[in-house]
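Please keep the sequence and the 3D view at hand.

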Amino acid sequence: MNAATLHTVNKAGTPPALLHSCLRMSSSGDAILLLQDGVYLVGSPVLEQAIDSGRDVFVLQSDMEARGLVMNPQQRMRLVDYTGFVELSCQYSKTISWF
């Protein structure tokens, strides 16, 4: 099991204060999973910076599809299905939900 933390973000917000709080509390080696309305944050430059600083960013594919969103192939976020969500939850020693 990875000692790092999985952060789940399920709201976008304007401004994205929730995302900024999550990023302040996360660190290199942690992962961020966007789900529910959090998928609207896909493409955020702040998330690209988080990837540059050693965080993995995942997006729940079914939530993207339910909202009619498509990920740009240039984005470095990874789509996961529900099985992938469960695997992430098991892979990380802690999960923090941001909502």
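Predicted model: local features only at pLDDT ≥ 70, side-chain atom pairs only at ≥ 80, totals over all residues.

**Helix α4**

Start with α4, which runs over residues 82-91 and has Gly84, Phe85 and Leu88 as its buried residues. Around the axis these three cover an arc of only 105°, which puts them on the same side of α4. Turn to the other side and you will find Tyr82, Thr83, Glu87 and Cys90 exposed. What do the buried residues of α4 pack against? Their partners are the strands β1 (2-9), β2 (31-34), β3 (56-60), β4 (78-80) and β5 (92-98).

The N-terminal end of α4 is worth a look too: Asp81 caps it, with a side-chain oxygen 3.2 Å from the backbone nitrogen of Thr83.

**Helix α2**

Now move to α2, residues 45-52, where Leu47, Glu48, Ala50 and Ile51 are buried. Seen down the axis, they fall within an arc of 155°, so they line one face of the helix. The face turned away from that buried side carries Pro45, Gln49 and Asp52, which are exposed. The cover over the buried residues of α2 includes α1 (17-25), β2 and β3. After α2 comes Gly54, with a positive phi near 100°.

| α2 | 155° |

Note on methods: Residues numbered from 1 in each chain as written. Heavy atoms only, no water. Buried < 20%, exposed > 50% of the residue type's maximum accessible area, 1.4 Å probe, protein only. Helix = DSSP H or I, 4+ residues; strand = E, 2+ residues; numbered from the N terminus. Arc of directions from axis to C-beta. Contact = heavy atoms within 4.5 Å. Polar contact = N/O pair within 3.5 Å; in protein donor to acceptor, adjacent residues only side chain to side chain.
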